[in-house]
Amino acid sequence: MTTAAKNTIIRATEGGYFGQFGGSFVPDVLKTKFDDLYSQFLNVLGDKSFETEFMSYLNDFVGRPSPLFYARRLSDYVGSKIYLKREDLNHTGAHKINNTIGQILLAKRMGYKEIIAETGAGQHGVAAATAAALFGMKCKVFMGKTDYDRQLLNVNRMRLLGAEVVAIEVGNSSLKDAVDAAIGYYIEHAEVFYILGSAVGPHPYPTIVSYFQSVIGKEARQQILDKENRLPDSVLACIGGGSNAIGIFGAFLSDNDVKLFAAEGGGEGLILGKTAATLSLGKAQAFQGSYSMVLQDEQGNPVNSHSIAAGLDYPGIGPEHAFLHESKRVDYSPILDSEAVEAFKLLAHLEGIIPAMESSHAIALATKILKNKNELSIINLSGRGDKDVERVLAD
Ligand SMILES: Cc1ncc(COP(=O)(O)O)c(C=O)c1O
């Protein structure tokens with residue numbers, strides 16, 4: 001692959017920076033591993049056989065391309081023409097599998113036989129456990145105990161797939177704590193490959209994850225051109241660390257007429273400790289290996305986040321999103337837990353689709369900002385909501 005072609009894939013500058021955000025703030029032992037990982041990644045970018053293998057698993061195992069579905073009744077309800085990018089129809093039920101297939105193929109090329117992963121909603125954990133089973137690798141998944149309890153269906157799926165699930169009971173026992181535990185284990189165990197599940201953390205992960213998820217945006221762009229003969233007015237996604245959002249936004253970043261919107265986990269309101277709306281309330285600092293926006297107190301200590309959606313319940317955010325927020329290319333808004341629950345039920349009733357609680361945040365955002373706008377829009381439906389059904393019915 002030529003340098004010019006690589007530059008269209010890799011938006012980060014030297015050292016993994018997006019403006020002032022990004023980089024790699026890790027101990028030397030990890031720096032060496034990450035340098036090695038990045039050079040392997042650059043090698044596979046230029047390797048046709050890797051691309052062919054990756055795409056064949058995405059097509060035949062994951063079931064890609066995922067459909068772009070015209071949501072007629074939701075469109076009528078909102079007053080804009082809305083298409084749903086159906087990542088919920090992927091094998092394992094969310095976008096996370098795109099990235100785990102890509103990373104496990106990298107791991108295989110690098111000679112690893114064991115993987116670890118962190119998970120919040122359990123979707124990345126299930127995807128990692130699935131990929132490990134597919135390639136006959138050992139798999140250990142770190143999960144906060146709060147998430148373990150609220151996403152038990154996914155814990156059981158991971159177990160059935162042969163993974164060991166480690167419940168972490170520190171902090172508020174959610175995604176941040178699972179990431180800390182996974183990084184700690186990774187430092188101590190040279191024999192494992194860390195499949196990170198979102199576009200967060202130290203360089204090169206934000207770039208690698210964004211690349212493996214870019215298939216979402218590439219497909220969606222072509223599909224809307226095929227169906228409508230034009231680009232959409234807007235594209236919407238929910239955002240935890242930022243992988244499904246950057247996956248779909250990537251293909252539209254240089255189309256300045258396409259507005260990009262992301263829904264953060266607003267939790268119970270914009271109060272520290274009750275929200276996961278990092279870009280609404282956070283400040284910049286180095287956190288979990290990269291310089292990005294983080295929910296923090298006056299002394300600069302990270303503050304526990306809260307969101308009803310385990311996959312959005314994270315006090316940090318990927319560095320590229322911090323940059324896209326600062327440069328105002330993407331508009332980020334908080335969606336409250338109660339609004340997400342309403343949107344969850346709304347999509348089930350109007351379209352016969354039960355969305356993940358994470359994805360419901362994007363649906364809720366659409367009902368607000370597309371109201372009677374008569375716009376053409378795509379919402380990335382990042383996952384399906386089986387895991388959230390009991391919780392919604394209990395309320
Ligand atoms: C279905 C679904 N959507 C969205 C997310 C949020 O992650 P990201 O921001 O990396 O897409 C998760 C995370 O677990 C998820 O399971």
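Trainee: In what sense do S9 and S10 pair, and over how many bridges?

Mentor: This is a predicted model, in which local features need pLDDT of at least 70, side-chain atom pairs count only at pLDDT 80 or more, and totals for chains, interfaces and linings use all residues. Residues are numbered from 1 along each chain as its sequence is written. Helices (H or I, at least four residues) and strands (E, at least two) are DSSP runs numbered from the N terminus, and two strands pair if DSSP finds at least two bridges between them. In S10, the residue bridged to Val235 is Leu260, and S9 and S10 pair in the parallel sense over 6 bridges.

Trainee: Which residue of S14 is the bridge partner of Leu236?

Mentor: S9 also pairs with strand S14 (residues 376-381), in the parallel sense and over 3 bridges. Within S14, the partner of Leu236 is Ile379.

Trainee: Which order do the strands of the 6-stranded open sheet follow?

Mentor: The pairing in this sheet is mixed, and its edge strands, each pairing on one side only, are strand S3 (68-70) and strand S13 (330-336). Neighbouring strands are turned by 25° against each other on average, direction ignored, where axes are lines fitted to C-alpha atoms, for helices over the stretch in contact, and angles run from 0 to 180 degrees between N-to-C directions. The order is S3-S4-S14-S9-S10-S13.

Trainee: Why is S9 largely enclosed by the rest of the structure?

Mentor: A residue counts as buried if 20 or more other C-beta atoms lie within 10 Å of its own, as exposed if 12 or fewer do, and as partly exposed in between, with C-beta atoms placed from the backbone. Ser234, Leu236 and Cys238 point one way from S9, while Val235, Ala237 and Ile239 point the other way, and all are buried. S9 is therefore largely enclosed, the number buried being 6 of the 6 residues.

Trainee: What is the strand order in the open sheet of 4 strands?

Mentor: The edge strands here are strand S7 (164-168) and strand S8 (192-194), each of which pairs on one side only. Strand S6 (residues 138-144) pairs with S7 in the parallel sense over 5 bridges, and Gly144 stands opposite Ile168 in S7. The sheet has parallel pairing, and its order is S7-S6-S5-S8.

Trainee: At about what angle to S5 does H9 run?

Mentor: H9 lies across strand S5 (114-119), S6, S7 and S8. Its direction relative to S5 is given by an angle of about 160°.

Trainee: Which element gives the most residues to the shell around the ligand?

Mentor: A residue is near a molecule or strand if its C-beta atom, placed from the backbone, lies within 6 Å of it, and 21 residues surround the ligand, the closest being Gln123, Gly240, Ser243, Gly311 and Gly383. The shell draws at least three residues from each of domain 1 and domain 2. Helix H6 (123-135), strand S9 (234-239), helix H11 (243-249) and helix H15 (357-369) each supply at least two residues. With 3 residues, the element that gives the most is H11.

Trainee: Is Asn374 buried or exposed?

Mentor: Asn374 lies in the loop between H15 and S14, and its phi is near 55°, a positive value in a residue other than glycine. Because 11 other C-beta atoms lie within 10 Å, Asn374 is exposed.

Trainee: What is the omega of the cis peptide bond that joins His203 and Pro204?

Mentor: Pro204 is found in the loop between S8 and helix H10 (205-228). A cis peptide bond also joins Arg64 and Pro65, with omega about 0°. For His203 and Pro204, omega is about 15°.

Terms used: Domain bounds come from an automatic or database domain assignment. Two residues are in contact if their C-beta atoms, placed from the backbone, lie within 7 Å.
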